[in-house]
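Please look at the sequence and the three-dimensional structure shown below.

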Amino acid sequence: MSDIWMMIVKRLGLGLLTLFAISLIIFSATEMLPGDLARAILGQAATEETLAAFRREVGLDLPAHTRYLNWLMGAVQGDFGTSLANRRPITEMISGRLNNTLFLALYAAALSVPLSLALGILAALYRNSIFDRSANAMALTAISFPEFFVAYILVFYLAQAGYFPSLARIDANAGFGDKLWRTFLPALTLTLVVTAHMMRMTRAAIINLLASPYIEMARLKGISPMRVILKHALPNALAPIITVVALNLAYLITGVVVVENVFSYPGLGQLMVDNVRARDFPVVQAVALIFAAAYVLLNLTADVLSTLSNPRLIHRK
């Protein structure tokens with residue numbers, strides 16, 4: 001197990017370096033945006049004295065590298081500063097939105113992961129059948145459609161018919177069942193988008209193992225095809241399946257910007273879009289860094305679980 005801990009330490013080190021590089025990119029990108037941030041927030045009628053006072057108040061008069069170091073040190077401590085638009089602590093603004101995004105991501109994962117695994121296993125079991133070809137055709141169709149197009153199609157057919165609301169507006173007082181009902185359309189949109197990737201990877205990983213000698217031996221023993229796949233093929237195909245599931249879970253957290261914007265869902269994606277419009281860059285930087293941290297953490301989890309699922313990777317000698 002020492003090799004596993006060494007791998008975790010190395011991955012954590014690389015993840016921290018990646019987050020540092022991403023923080024530089026995020027800060028530099030917002031710095032290079034055209035226009036005067038102080039005038040954009042205060043308006044064209046603001047005087048030069050008011051603009052200068054506002055810059056001193058929020059630290060815009062400091063050099064760029066000083067502001068970056070101050071922002072980075074605060075982010076490491078969990079303090080992302082104060083919103084320029086409404087003067088609220090950014091951590092307070094993000095906390096509730098983060099819970100909503102995680103709820104939507106877990107909801108979509110609870111729908112997509114079992115569905116994709118079941119479809120992938122059945123497609124491998126009935127390879128080249130009508131079911132296999134139909135599942136692959138639907139998967140390719142789902143991959144080809146952008147998220148906003150899938151969302152509007154669902155709104156057109158399900159929301160207009162009155163089955164589900166077209167706007168996924170929830171509040172802290174909403175019950176669990178009410179949340180599931182109101183967020184079904186955005187969760188279904190994300191499910192349709194990510195299921196195709198996981199289903200096709202599951203199918204490909206299992207089919208690659210079906211020609212192995214131990215699978216042929218299991219068949220010659222008279223074991224049923226479903227049991228051969230579930231007991232012999234699937235455990236050895238877990239590494240690539242875990243990787244693609246983790247990557248799609250990362251997408252469910254970090255790629256919800258478009259979906260949340262379409263359904264007006266109060267999550268981190270909608271918060272980022274609103275503050276890009278308001279040019280409230282500290283909030284945008286904080287949300288982008290949280291998305292990057294989630295992606296790095298889920299990639300680390302995928303690496304560890306993929307290694308643990310394959311004894312040959314644990315005991316390399």
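Leu42 touches Thr50, Leu51 and Phe54 when residues up to four places away in sequence are not counted, where contact means heavy atoms within 4.5 Å. The C-alpha atoms of Leu42 and Phe54, which are 12 residues apart along the chain, are separated by 8.7 Å. Leu42 itself belongs to helix α2, made of residues 37–42; helices (H or I, at least four residues) and strands (E, at least two) are DSSP runs, numbered from the N terminus. With a relative accessible area of 35%, Leu42 is partly exposed; buried means under 20% relative accessible area, exposed means over 50%, and partly exposed lies in between, with a 1.4 Å probe and protein chains only.

This is a predicted model, in which local features need pLDDT of at least 70 and side-chain atom pairs count only at pLDDT 80 or more, while totals for chains, interfaces and linings use all residues. Residues are numbered from 1 along each chain as its sequence is written, and side-chain values use heavy atoms, with hydrogens and water left out.

Thr101 is found in helix α5, residues 90–125, and it counts as buried at 0% relative accessibility. Leaving aside neighbours within four places in sequence, Thr101 is in contact with Ile253, Val256, Glu260, Tyr265, Gly267, Leu268 and Gly269. Thr195 has its place in helix α9, residues 184–210, and is buried, with a relative accessible area of 8%. When neighbours within four places in sequence are left aside, Thr195 is in contact with Ser112, Leu115, Ser116 and Leu119.

How far does the side chain of Thr195 lie from the backbone oxygen of Thr191, and what is the distance? The side chain of Thr195 reaches that oxygen at 2.5 Å, and a polar contact is a pair of N or O atoms within 3.5 Å; within protein, one must be able to donate a hydrogen and the other to accept it, and residues adjacent in sequence count only if both atoms are side-chain atoms. Ser144, which lies in helix α6, has a polar side-chain atom 2.7 Å from the backbone oxygen of Leu140. Ser144 is exposed, with a relative accessible area of 57%.

Distance along the chain and distance in space can be set side by side for two further pairs of residues. Ala29 and Gln285 are 256 residues apart in sequence and 9.6 Å apart in space, C-alpha to C-alpha. The C-alpha atoms of Ser144 and Ile8, 136 residues apart along the chain, are separated by 35 Å. Ala29 is placed in helix α1, residues 2–31, and is partly exposed, with a relative accessible area of 38%.

Most residues other than glycine have a negative phi, and most peptide bonds are trans.

Two packed helices are described by the angle between their axes and the distance between the axes. Helix α10 (residues 213–220) and helix α11 (residues 225–236) pack at an angle of about 170°, with their axes 11 Å apart; axes are lines fitted to C-alpha atoms, for helices over the stretch in contact, and angles run from 0 to 180 degrees between N-to-C directions. The angle therefore makes α10 roughly antiparallel to α11, since angles under 35 degrees count as roughly parallel, over 145 as roughly antiparallel, 65 to 115 as roughly perpendicular and the rest as oblique. On α10 the contact is made by Tyr214, Ile215, Ala218 and Arg219, and on α11 by Val228, His232, Ala233 and Asn236.

Finally, the protein as a whole has 16 helices and zero strands. Its C-alpha trace spans about 85 × 60 × 35 Å along the principal axes, and buried residues make up 42% of its 317 residues. Among the contacts in the protein with a separation of 6 or more, 72% are accounted for by residues 24 or more positions apart.
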